[in-house]
Amino acid sequence: MNQELKMFQETIQAFAKEKIEPVAALIDIEEKVPDALMKEMKEMGLFGVPFPEEYGGSGFGWRAQYMLMEEVAKYEGSIPSIIGAHTTIAANAIYVAGSEEQKQKYLRPLADGTSLGAFALTEPGAGSDAAGIKTTAKKEGDEWVINGTKCFITNAPSADIFVVFVSTDKEKGARGGITSFIVERGMPGLSIGKMEDKMGIRGSETSEVIFENVRVKDEQVLGEVGHAFKYAMRVMQNGRLGIASIALGLAKGAFELAVQYSLERKQFGQSIAHFQSIQNKLAEMKMEIYAIESMLYRTITLLEEGEGFNLEGSIVKAYASEKADWIINESLQIFGGYGYMKDFPIERMLRDARINRIFEGTSEIQRIVIAKEILKEASL
Ligand SMILES: Cc1cc2nc3c(=O)[nH]c(=O)nc-3n(C[C@H](O)[C@H](O)[C@H](O)COP(=O)(O)OP(=O)(O)OC[C@H]3O[C@@H](n4cnc5c(N)ncnc54)[C@H](O)[C@@H]3O)c2cc1C
């Protein structure tokens, strides 16, 4: 790790400990990240870490982005989910597919933290089968008219800029029939629907986004008409490493608490850390943390070297999210009954971590991607 990155990591570690840990429980209870904290993180450039400075970003690159998500997740899961949806998929879609003009107009305010972004792909009838979206955009002169409903959209209630995926040719579907648009908050016909009441990451807003005859100009088409499915898949590769980073952070955070607790908690006249079965748990948890960390940062190296990482990204996403759940659950076990109580952060961390096996492609979908990649390579 170079010196600049090391300093970035240390800054985030200190910030997360000082500013996020003390309010983590409150974020869960109040279902909101305090405005002052959001403002401070935006001013620190944490909403545009991977993007070049010419587009309003901090210019630190993707490794720093994932470090940020991991370090914050050690204490809390909502903030990295908000930043993840904003940066790794919404803003990144504009970075990947946008014209120079769109990057200046939309990516810049997203990356410098002036605007909040949302990535709207999922619909009530199209989750894992994302190519089956039914929201449409019909061309009328130099305008497009969007109609449909998106659901489960992170950041939507507060977002200023939406990257929306719609069907522009039902027959062609994923192969030439899906187009993405940049839609701004406040456009006539755009509204926020049902707000979700979630199990975890309760400080991260999730809602429906409804489009009723929303008229957008040609300039708001993101990338090539009909070819947006590949942009969605492309940016979700970055997104998946972000999810793995959150999973790793939550797992490390819970593990550190469990180690400490095992030393402090006394039963049968000694610390529970003296019991072989507790030591075995700690050893196995540490092995999994090391495995997640190794595969995540190895995959980040592939990304940095410009190599494809579709296979590896799916492996890391599925492995990290599943093992993190297990690690946090075992941490809760080490806390005994106290782990089950809201007085301690473990139960919240377990709730916050559970989503990582679901969004940006469920574990089942990751296995489909992995198997496809294996068979593609084998049949070459
Ligand atoms: C908190 C939260 C935030 C989200 N944020 C966003 C966001 O910002 N933007 C966005 O676009 N979406 C977002 N999503 C949507 C998320 O990506 C989807 O929920 C996810 O892709 C799964 O879709 P689904 O919920 O419709 O489940 P389904 O697709 O209905 O899946 C149900 C079950 O069937 C399994 N399954 C489905 N197909 C197959 C198959 N072919 N083989 C084997 N098993 C299969 C799934 O793995 C799952 O276990 C969010 C979801 C949540 C819960």
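Q: What is the handedness of the crossing of α7 and α10?
A: In this predicted model, α7 crosses α10 in a left-handed sense.

Q: Why is α7 called roughly antiparallel to α10?
A: Helix α7 and helix α10 (residues 346-354) pack at an angle of about 160°, with their axes 10 Å apart. Angles over 145 degrees count as roughly antiparallel, and therefore α7 is roughly antiparallel to α10.

Q: Which residues of α7 and α10 meet?
A: From α7 there are Leu 250, Gly 253, Ala 254 and Leu 257, and from α10 Ile 346, Met 349, Asp 352 and Ala 353. Sorted by class, the contact of α7 with α10 has six nonpolar, one polar and one charged residues. Gly counts as polar and Asp as charged.

Q: What makes α7 roughly antiparallel to α8?
A: The axes of α7 (residues 228-264) and α8 (residues 276-304) cross at roughly 155° and come within 10 Å. The cut-off for roughly antiparallel is over 145 degrees, so α7 is roughly antiparallel to α8. The crossing of α7 and α8 is left-handed.

Q: Which residues make the contact of α7 with α8?
A: On α7 they include Leu 241, Leu 248, Phe 255 and Val 259, and on α8 they include Leu 282, Ile 289, Leu 296 and Tyr 297. The residues of this contact of α7 with α8 divide into 16 nonpolar, four polar and three charged. Among the charged ones are Lys 252 of α7 and Glu 293 of α8.

Q: Why is α1 called roughly parallel to α4?
A: Helix α1 (residues 3-20) and helix α4 (residues 62-73) have axes that cross at roughly 25° and come within 9 Å. Angles under 35 degrees count as roughly parallel, so α1 is roughly parallel to α4. The crossing of α1 and α4 is right-handed.

Q: What residues does α1 bring to its contact with α4?
A: Leu 5, Phe 8, Gln 9, Ile 12, Gln 13, Ala 16 and Ile 20 of α1 meet residues of α4 that include Arg 63, Met 67 and Glu 71. The classes in the contact of α1 with α4 are nine nonpolar, two polar and two charged.

Notes:
Residues numbered from 1 in each chain as written. Predicted model: local features only at pLDDT ≥ 70, side-chain atom pairs only at ≥ 80, totals over all residues. Heavy atoms only, no water. Axes fitted to C-alpha atoms, helices over the stretch in contact; angles between N-to-C directions. Helix = DSSP H or I, 4+ residues; strand = E, 2+ residues; numbered from the N terminus. Parallel < 35°, antiparallel > 145°, perpendicular 65-115°, else oblique. Left-handed = near helix turned anticlockwise from the far one by under 90°. Contact = heavy atoms within 4.5 Å.
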